[in-house]
Amino acid sequence: MICREHIRDAFHAAVPIMLGYVAIGIPCGILCDSIGLGPLQVFLLSALFYSGAGQFMIPNMYLAASPLASIIASVSLVNTRQMLYSASFAPECQGVSKRLAFFFAATVTDESYGVSTAKFAEGGWSVDRALMVNLLSQSSWALSNVAGALLGGAIGIPLNIAAFAMTSIFICLLVTQRMTSANIVAIVLAMAGVYACKAVGLTGPAILVGALLGVAGAMAYASARDRRIVERSAQMDAARRADAVGVAGTGDGASGGAGAEGGVRR
Amino acid sequence: MSWGEFWVVLVVCGLTMLACRVLPLFLLKGRELPPTLSRALGFIPPAAFAALVANDLLTPGMLSAGLWPAGIPLVAALCVVAVACKTKSLLWSAVAGVASYALLTLI
């Protein structure tokens, strides 16, 4: 299953994520160092928790003197969006061994989710390649974090600029989505939802609430559109049938064509 | 942060994270997905990435203290959109984002 070809495929797909993780992992490690976490602790977080947004939030909130319970609740709420990613990979993991599915699911991040979804949609992709993408990304993340923790404040990287690498990756993943009308409804509602949540102070669940609002809105839009299509074709069928009955009475052989035309005109 | 606090954060956040990552997949795996659900799953990527981008870029009242420098991330984001549309590359997008953000900060 794990052959050289698959490793090469996975490496090609993972390179942008790995480089992006160097750019944001080092500042994240520096930030963790600033609240007194050592390289071992930073490594444990990267290996067992493995969350870019989460590992930025922990030191940021700790520096802002938030209580431990509030840090944990906010970080966990932000990470509930992972449930959406996990659910979306269920079809791809059909017929895959439990262990492979477990390790793949346990190492999915925002960025590797984006890359894997695109690769599965392209075709010629598999869960073992996707797992390797995850593990390569995680190695890059862990090493960069440890490097950041070792460097500490010795180098002056402006953290807000470095963190923009992560935002840029999300923007790229967003604009490369297919821009169907339903997807645009999802995007606009998700953004509005995040903004509204933040406006009323719900910063922790903002991402999850916004994303769910986007999905719900797009579903409502798509099913309303389906209903319109079904109604219109039902109307046309009814009109066609009425015409067919009328024309059949005259004994005209060309009833089908005449009926269809009548239906369209109505 | 002490080791005691660290362990609490690591264990609780690690476990909730693992549950969020693994449980939905195993609950849905091996079942015939109803068409409504698979349609909803298809809307997750655009909605999730839009939410993540909005979370990074938008804060209520962000421009109330003046358009600049608060507008830097928004202008840098537009540069990233242009590069992403043109190249479809995560790496180039990240490079363009960080470079334009840094340049705009220097101006």
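Helices here are DSSP runs of H or I with at least four residues, and strands are runs of E with at least two, both numbered from the N terminus. With that in hand, let us walk through the model. It is a predicted one, in which local features need pLDDT of at least 70, side-chain atom pairs count only at pLDDT 80 or more, and totals for chains, interfaces and linings use all residues. Residues are numbered from 1 along each chain as its sequence is written, while chains are lettered from A and ligands numbered from 1 in the order in which they are written.

How far can you trust it? The model scores ipTM 0.85 and pTM 0.73. Within chain B, helix 3 (residues 72–87) has the highest confidence, at a mean of 96, and helix 2 (residues 35–57) the lowest, at 87.

Now to the place where the two chains meet. Counting residues as in contact if their C-beta atoms, placed from the backbone, lie within 7 Å, 78 residues of chain A touch 61 residues of chain B. On the chain A side, helix 9 (residues 159–175) gives the most, with 12 residues. That side of chain A divides into 54 nonpolar, 21 polar and 3 charged residues. Here Ala, Val, Leu, Ile, Met, Phe, Trp, Tyr, Cys and Pro count as nonpolar, Asp, Glu, Lys and Arg as charged, and the others, Gly among them, as polar.

The axes of helix 10 (residues 181–199) of chain A and helix 2 of chain B come within 8 Å and cross at roughly 35°; axes are lines fitted to C-alpha atoms, for helices over the stretch in contact, and angles run from 0 to 180 degrees between N-to-C directions. Residues meeting there include A:Ala186, A:Ala190 and A:Gly193 from helix 10 of chain A, and B:Ala47, B:Ala50 and B:Ala54 from helix 2 of chain B. By class, this contact has 13 nonpolar, 3 polar and no charged residues.

Next, helix 7 (residues 110–122) of chain A. Its 13 residues should span 18 Å at 1.5 Å a residue, and the end C-alpha atoms are 19 Å apart, which agrees; the expected span is 1.5 Å times one less than the number of residues. A residue is buried if 20 or more other C-beta atoms lie within 10 Å of its own, exposed if 12 or fewer, and partly exposed in between, with C-beta atoms placed from the backbone. Among the buried residues of helix 7 of chain A are A:Asp110, A:Glu111 and A:Tyr113. The buried residues of this helix pack against helices 1, 5, 8 and 9 of chain A together with helix 2 of chain B. Just after helix 7, A:Gly123 takes a positive phi of about 95°.

Finally, some backbone details. Most residues other than glycine have a negative phi, and most peptide bonds are trans. A:Tyr50, not a glycine, has a positive phi of about 50°; A:Tyr50 sits in the loop between helix 2 and helix 3 of chain A and counts as buried because it has 23 C-beta neighbours inside 10 Å. B:Lys88 also has a positive phi, of about 55°, and is partly exposed, with 13 other C-beta atoms within 10 Å. A cis peptide bond, with omega about 5°, joins B:Trp68 and B:Pro69.

Conventions. Contact = placed C-beta atoms within 7 Å. pLDDT = per-residue confidence, 0-100.
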